[in-house]
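Dear colleague,

Please find below the sequence and structure that I am handing over to you.

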Amino acid sequence: MKPLLIAASVAATALALGAPSAKAEGNFYANPEFVSGFSGSTSTGSSLDLHVGYEQGPFFIQLGPALTNNTTDTEWGWTGKAGAAGQVDENTSVYAEVGAGKFSDVDMSTYVKMGGKLKL
């Protein structure tokens, strides 16, 4: 799985850097993201995701290396996500995404996330 994720990340980065027409249209983007988890007041760990993404219309996909820390160990792995977002009406938008992460010392983790935004 790791070789596939590495190859996909290299391909996405090469496309983002080497495709000026797509880049000029704004389809490629960088998305660094820091996520920290807690159970009550106890930290469960954190992750720094360094994604390169591509979006077309309401759809997006992004992938990249990630540095995770489970409060005792730190290691590099790969995370990615794909999803869609759309405007329902003038004041309402919705989104959905699926994501996965793989680090050498743990099983692959996955998630599904859905939500919306209502302008008041």
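**The chain as a whole**

Please bear in mind that this is a predicted model. The protein chain has 2 helices and 6 strands. Read from the N terminus, the order of its elements is α-α-β-β-β-β-β-β. Of its 120 residues, 27% count as buried. Among contacts in the protein chain with a separation of 6 or more, 34% are accounted for by residues 24 or more positions apart.

**The sheet**

The 6 strands form an open sheet in the order β1-β2-β3-β4-β5-β6, and their pairing is antiparallel. At the edges stand β1 and β6 (109-118), each of which pairs on one side only. On average, neighbouring strands of this sheet are turned by 25 degrees against each other, direction ignored.

- β1 and β2 run antiparallel and are joined by 12 bridges. S39 stands opposite T42 in β2. The hairpin of β1 and β2 has 2 residues between the strands, and G40 takes a positive phi near 65 degrees there.
- β2 and β3 also run antiparallel, with 9 bridges joining them. The bridge partner of Q56 in β3 is F59. This hairpin likewise has 2 residues between its strands, and G57 in the turn has a positive phi of about 60 degrees.
- β5 and β6 run antiparallel and are joined by 10 bridges. G99 stands opposite Y111 in β6.

T71 lies in the loop between β3 and β4. Its phi is near 85 degrees, a positive value in a residue other than glycine. In general, most residues other than glycine have a negative phi. T71 is partly exposed, because its relative accessible area of 46% falls between the limits of 20% and 50%.

**The largest pocket**

About 650 Å³ of space lies in the largest pocket. Its lining is made up of 29 residues, of which S47, T68, T79, F103 and S109 lie nearest the centre. Which strands supply at least two residues each to this lining? They are β1, β2 (42-56), β3 (59-69), β4 (74-89), β5 and β6. The most is given by β2, with 6 residues.

P32 lies in strand β1, which covers residues 28-39. P32 counts as exposed because its relative accessibility is 56%, and the cut-off for exposed is over 50%. Leaving aside residues up to four places away in sequence, P32 touches D49 and L50. P32 and L50 are 18 residues apart in sequence, and their C-alpha atoms are 4.5 Å apart in space.

W76 lies in strand β4. With residues up to four places away in sequence left out, W76 touches L50, P65, A66, L67 and F103. D49 is 27 residues from W76 along the chain, and the C-alpha atoms of the two are separated by 9.8 Å.

T92 has its place in strand β5, which covers residues 92-103. Is T92 buried or exposed? T92 is buried, because its relative accessible area is 18% and the cut-off for buried is under 20%. Not counting residues up to four places away in sequence, T92 touches Q87, K117 and L118.

With kind regards

Methods. Residues are numbered from 1 along each chain as its sequence is written. This is a predicted model: local features need pLDDT of at least 70, side-chain atom pairs count only at pLDDT 80 or more; totals for chains, interfaces and linings use all residues. Side-chain values use heavy atoms; hydrogens and water are left out. Helices (H or I, at least four residues) and strands (E, at least two) are DSSP runs, numbered from the N terminus. Buried means under 20% relative accessible area, exposed over 50%, partly exposed in between (1.4 Å probe, protein chains only). Contact means heavy atoms within 4.5 Å. Two strands pair if DSSP finds at least two bridges between them. Axes are lines fitted to C-alpha atoms, for helices over the stretch in contact, and angles run from 0 to 180 degrees between N-to-C directions. On a 1 Å grid over the protein atoms alone, a cavity is a set of points where a 1.4 Å probe fits but cannot get out, and a pocket is an open set with protein on both sides within 12 Å along at least five of seven lines; lining residues have an atom within 4 Å of a point. Grid points are joined across faces, edges and corners, and a volume is the space filled by probe spheres set on the points.
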